[in-house]
Amino acid sequence: MKDIQIIELLFRRAEEAIACLAEKYGAMCQAIARRILWDERDSEECVNDTWVQTWNAIPPQRPAYLGGFVGRITRNLALDRLDYNHAQKRDSTLQETFWELSSSLPDPGDTVTDEMTFRDFLDRFLRRQSEEHRRYFLRRYWYGMSVREIAQACGVGEEKVKSALFRTRNKLRQAMEEEGIHV
Amino acid sequence: MSERVYARFLLFMNAVDDDLLEEALVIPKRLKAYWKGLAAVAACLCVVLGAMLWQSRIPGTPENIITVEDLAGYGYKLPIPADVQNVIYDLLSSQSETPIAQAKFDRGGHTVTLRAWRTEEPQDIFGGDEAWTDQMDWNADGTALTLRSNAQTAQVSWHADQTQWSVRSDMTPADLLNTVNDIFSVLGHQLTHAPEGAQDIHYNAFYLDELAVGETTFTLDGVTCTYRIAPTYDTSADFADISGVEGDFAHRTEAEVGWCPARLAWNDDSAGKIAWFDVVPGQLYSLSVDAGASQEGLLDLANQLFLPAQGEEP
């Protein structure tokens, strides 16, 4: 079923929309949740909560890309549950992937940049990148996907993804240094 | 992960806007198609071989010039408006055995590209190479049309009679709509569902209170009528009036156009307006007249004009 048809079902408050969402995007959302959380049951609950949040959000919202919309909700829900895993001293796939990014960035100085300033900086930085490189970068470090998964999903070679990630990491480090961002 | 690194992790994870996070999961169609092609090596070889044969059959190489007769050989007759210049025809290979027919022509100092492709399902025959900022859907003569635009380019697409049509240009959306209307006229249709007897029909597209508005004006029995459509994400019951007509009206009431809630305001035998809202596609409508207004007249004309974007009978 096409996205627009599922959105129409949601606008009509037809409960079959949930089944259609689960059929079309269930596996993707489950994978997103699994990369952030260890526990399979937690992941499943995140995905189920995703359908509830989507049901509550549409209408009034009418997302241009339903897959991105539900995937982003799953990710945010999973992150909200991450605290428990962190207390268990176990790193998720997403956290392990973040190491790769974090270790290539400048160390925080004595004065740490406030959250709002950092958000503004990162937003400007990401929007300056090409859509293609931004897609690889966010899939890798904000969704925890492997290079191979990104390459397969985007229809490009792994070397191209690795190269783009390397360059974007370097650009981010350089931009942080130039603007004096310490986090 | 130490507390310090975990804090940094959370800071990064929560610092990206939702639109970017959603965009990251979108896969351009052309990339998906490319990957599928790579995955099926045998199929790929067939495609390459087929493409080579195809190029030899299509007279689209530089040494050959595509003519109307060439297009007709593939069953195409492109509706070119009478007042255009420098028409260049072409045949482009497609995903199917049927090529895409193309005509490029100049009009009003702009280049217009018209494409047609015989296909059972609606397709994006220009590919996903443009980042559109605005989109408007409407229904005309039983055909669903879509206008997409950004600061540089506008494109109107529709699928009818098992043919996908798309017209793209760097002209303004308003000028493109008028060009598409002329193309529609050649096809024997109207761009909007204007009532019988309507004359002096013109099209426009513009922004009003951050809404992308499509407008049709026409004269009917000496009365100037303005019909507007605008997509919106706001589904609140107090929907916006996009008529742009303000002033004191002697009468105000509420009614329905099809299944849509509507608000009317008019002065007897003078100016009047009706605004209605279809929540399912999220589309605002308005109709205003400069003379001869009445409740019955406004409702009757609104019901004649209203063709839901989702293609259902009102």
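In helix α7 (residues 295-305) of chain B, the residues L298(B), L299(B), L301(B), A302(B) and L305(B) are buried, where buried means under 20% relative accessible area, exposed over 50%, and partly exposed in between (1.4 Å probe, protein chains only). These buried residues of α7(B) pack against β9 (211-220), β10 (223-231), β11 (251-257), β12 (260-266), β13 (272-278) and β14 (283-289) of chain B; helices (H or I, at least four residues) and strands (E, at least two) are DSSP runs, numbered from the N terminus. This is a predicted model, in which local features need pLDDT of at least 70 and side-chain atom pairs count only at pLDDT 80 or more, while totals for chains, interfaces and linings use all residues. Residues are numbered from 1 along each chain as its sequence is written, chains are lettered from A and ligands numbered from 1 in the order in which they are written, and side-chain values use heavy atoms, with hydrogens and water left out.

**Chain A and its helices**

- Chain A has 10 helices and 0 strands, and 52% of its 183 residues count as buried.
- Among contacts in chain A (heavy atoms within 4.5 Å) between residues at least 6 apart in sequence, 68% join residues at least 24 apart.
- T168(A) is found in helix α10 (residues 158-179) of chain A, and T168(A) counts as buried because its relative accessibility is 1%.
- Leaving aside residues up to four places away in sequence, T168(A) touches F125(A), Q129(A), H133(A) and F137(A).

**Nonpolar cores**

- A nonpolar core is a set of buried Ala, Val, Leu, Ile, Met, Phe, Trp, Tyr and Cys residues joined through side-chain atoms within 4.5 Å.
- The largest nonpolar core has 71 residues, and those with the most contacts inside it are L101(A), F118(A), L122(A), W142(A), L172(A), F9(B) and F12(B); helix α2 (residues 16-36) of chain A gives the most to this core, with 8 residues.
- Apart from this core lies another, of 64 residues, among them L147(B), L176(B), F184(B) and A262(B).
- L172(A) touches L101(A), L105(A), F121(A), L122(A), F125(A), F137(A) and F12(B), when residues up to four places away in sequence are not counted.
- As general background, nonpolar side chains tend to be buried together in soluble globular proteins.

**Where chain A meets chain B**

- The contact takes 56 residues from chain A and 37 residues from chain B.
- The area buried between chain A and chain B is about 4500 Å², of which carbon and sulfur atoms give 60%; buried area is the accessible area (1.4 Å probe) that two parts lose on being put together, summed over both.
- Across this interface the rule finds 18 residue pairs in polar contact, both residues being at pLDDT 80 or more; a polar contact is a pair of N or O atoms within 3.5 Å, and within protein one must be able to donate a hydrogen and the other to accept it, while residues adjacent in sequence count only if both atoms are side-chain atoms.
- Helix α4 (residues 66-80) of chain A provides the largest share of the side of chain A that touches chain B, namely 8 residues.

**Salt bridges**

- The side chains of R81(A) and D42(A) meet in a salt bridge (3.4 Å, N to O), a pair that links distant parts of the chain, with R81(A) in the loop between α4 and α5 (82-87) of chain A and D42(A) in helix α3 (residues 40-57) of chain A, 39 residues apart.
- R81(A) counts as partly exposed because its relative accessibility is 24%, whereas D42(A) counts as buried because its relative accessibility is 16%.
- D17(B) forms a salt bridge with R127(A), the closest N and O atoms being 3.2 Å apart, and salt bridges that share partners join R119(A), D123(A), R127(A), D17(B) and D19(B) into one network.

**A loop residue of chain B**

- D170(B) lies in the loop between β7 (163-169) and α6 (173-187) of chain B, and D170(B) is partly exposed, with a relative accessible area of 46%.
- The C-alpha atoms of D170(B) and T111(B), 59 residues apart along the chain, are separated by 7.0 Å, and the side chain of D170(B) makes a polar contact with the side chain of H110(B) (3.1 Å).

Conventions: Salt bridge = Lys/Arg side-chain N within 4 Å of Asp/Glu carboxyl O.
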